Amino acid sequence: MKTFALLAPTLAALLLPMSAAAHKAHVHGAAALTMAVDGGTLSITLEAPLDGFVGFERPPRNDAERKTAAEAMARLKDGAALFRPDAAAGCTLAEASVDAPVLQPGAKAAGEHADLDASYSFRCSNPQALRNVDVALFDAFQRLTRIEVQVAGAKAQSKSTLRRPARTVTLAR
């Protein structure tokens with residue numbers, strides 16, 4: 001968490017112009033992905049309606065829903081399986097954080113909509129070779145249909161949209 005906390009001001013400064021345009025209405029099946037490269041660190045944040053991951057946006061009501069939620073949270077915490085930077089860059093997952101308060105035991109419904117927020121930090125031994133990230137979210141979560149992507153590098157920013165079967169994000173340089 002320390003690495004991400006230290007990078008947060010840098011990410012905010014780089015992405016502030018893009019973030020204002022990127023925040024859209026709560027859309028089921030859509031996710032927002034932000035990637036930033038800072039030196040040897042690749043930081044990724046994911047924001048999306050919870051429905052795209054578990055099929056509902058409220059506390060689980062039965063054993064089947066609790067199982068679905070637990071499986072989704074386990075998949076989301078496995079950032080190395082969901083995001084695969086170029087192998088030549090030598091990136092390893094350093095930190096992963098997933099927050100979906102409505103799925104916590106004892107949670108109460110907080111309205112009609114609930115979101116999921118996740119962050120991942122990779123340390124790369126050869127960041128110069130980091131050009132692309134393979135995103136496996138569509139494979140892991142069948143309800144996702146679109147991923148809005150923002151990328152910030154030291155010298156450039158970019159925006160793109162992934163739709164099935166697309167899965168590669170090109171990093172801005």
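Colleague: What is the mean pLDDT of the protein chain?
Modeller: This is a predicted model, in which local features need pLDDT of at least 70, side-chain atom pairs count only at pLDDT 80 or more, and totals for chains, interfaces and linings use all residues. Residues are numbered from 1 along each chain as its sequence is written, and side-chain values use heavy atoms, with hydrogens and water left out. The pLDDT is the predictor's confidence in each residue, from 0 to 100. In this chain 81% of the residues reach 70 or more, and the mean pLDDT is 86.

Colleague: Which strands stand at the edges of the open sheet of three strands?
Modeller: Strands are DSSP runs (E, at least two residues), numbered from the N terminus, and two of them pair if DSSP finds at least two bridges between them. The order in this sheet is S3-S6-S9, with antiparallel pairing. Each edge strand has a single partner strand, so one side of each is left without a neighbour in the sheet; these strands are S3 (83-85) and S9 (168-170).

Colleague: Which residue in S9 is the bridge partner of asparagine 132?
Modeller: S6 and S9 pair in the antiparallel sense over three bridges. In S9, the bridge partner of asparagine 132 is threonine 170.

Colleague: In S6, which residue is the bridge partner of arginine 84?
Modeller: S3 pairs with S6 (residues 132-135) over three bridges, in the antiparallel sense. Proline 85 stands opposite valine 133 in S6. For arginine 84, the bridge partner in S6 is aspartate 134.

Colleague: What separation is found between the C-alpha atoms of threonine 92 and serine 125?
Modeller: Threonine 92 is found in strand S4 (residues 91-99). Leaving aside residues up to four places away in sequence, threonine 92 touches Ser121, Phe122 and Arg123. Threonine 92 and serine 125 are 33 residues apart along the chain, and their C-alpha atoms are separated by 8.6 Å.

Colleague: How many residues in the lining of the second largest pocket are charged?
Modeller: A pocket is an open set of points on a 1 Å grid over the protein atoms alone, where a 1.4 Å probe fits, with protein on both sides within 12 Å along at least five of seven lines; lining residues have an atom within 4 Å of a point. The lining includes Pro59, Arg66, Met73 and Gln104. Asp, Glu, Lys and Arg count as charged, Ala, Val, Leu, Ile, Met, Phe, Trp, Tyr, Cys and Pro as nonpolar, and the others, Gly among them, as polar. The lining divides into eight nonpolar residues, two polar and, as charged, one.

Definitions and conventions:
Helices (H or I, at least four residues) and strands (E, at least two) are DSSP runs, numbered from the N terminus. Contact means heavy atoms within 4.5 Å.
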